[in-house]
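Hi,

Here is the structure I promised to pass on. Have a look at it first, and then read my notes below.

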Amino acid sequence: MAGESFRQMLRASSPDFWRLWYVGLVSSTVRWLEMVAVGIFVYQMTGSAFLVAMMTMLRLLPMGLFGAWLGVVVERFDRRLLLAGMVAVLAFTSAILSAIAAFGTLQVWHLAVGSLVNGFGWLTDNPLRRTMMGDSVGRERMATAMALDIMAMNVSRMIGPTLGGVVLVKAGIEGAFLLSAGLYVLALGATLAVRSRTAPT
């Protein structure tokens, strides 16, 4: 029964669903990539386990502070444009950090700001992208759609840290952020290709 539901989902899903699924896969991969690369870099720079933990805490802080009411706020705007704007901000942040690192002036506070911005991107995932995914498939296919999305998130937990470690060794922290920016640009393109529109309420 579950297998049949999955096959029906593959046949019936709109292109918008797969675009949004891809955005989630890319964004989550980059999130884990940066968490590993930033954690290793901060420890190499400072030797402080506390500062490494602080980078992760800053990524989680927006969810704890604003997660409960953000959904009400985004109802007032076009979700597609908000999601595209957030992905663009994340791409710009990674590109700036890559440039700063390339000039050899990257400091821990730069990474702290970047981690906080990334946390706001994580915060918007449920009220924006996942809500749009649900709208694109309908209520009857919602469970299968979310299962596919969770599968992508779990895959990203394997791909992201591996990429982060390899790129950090081969190209340094600037290479890791440059790769992040490039992946975010691909996600931005997929977001802008979403055809459905959500009227503000």
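Let's start with the lining of the largest pocket: by class, its residues are five nonpolar, three polar and four charged. (Ala, Val, Leu, Ile, Met, Phe, Trp, Tyr, Cys and Pro count as nonpolar, Asp, Glu, Lys and Arg as charged, and the others, Gly among them, as polar.) Bear in mind that this is a predicted model, where local features need pLDDT of at least 70, side-chain atom pairs count only at pLDDT 80 or more, and totals for chains, interfaces and linings use all residues. Numbering runs from 1 along each chain as its sequence is written, and side-chain values use heavy atoms, with hydrogens and water left out.

The volume of that pocket is about 210 Å³, and its lining includes Trp32, Trp122 and Arg157. Helix 2 (15-46), helix 7 (125-137) and helix 8 (142-192) each give two or more residues to the lining, with helix 8 giving the largest share, four. Helices here are DSSP runs (H or I, at least four residues), numbered from the N terminus.

For both terms, the search uses a 1 Å grid over the protein atoms alone: a cavity is a set of points where a 1.4 Å probe fits but cannot get out, a pocket is an open set with protein on both sides within 12 Å along at least five of seven lines, and lining residues have an atom within 4 Å of a point. Points are joined across faces, edges and corners, and a volume is the space filled by probe spheres set on them.

The largest cavity holds about 80 Å³, and among the residues lining it are Val23, Arg31 and Asp125. Helix 2 supplies the largest share of that lining, four residues. The second largest cavity holds about 50 Å³; there, the largest share of the lining, also four residues, comes from helix 5. Glu34, Phe177 and Tyr184 are among the residues around this second space.

Finally, salt bridges (a side-chain nitrogen of Lys or Arg within 4 Å of a carboxyl oxygen of Asp or Glu): the structure has seven. One of them joins the side chains of arginine 19 and aspartate 16, at 2.8 Å from N to O. These two are three residues apart in helix 2, so about one helical turn separates them.

Cheers
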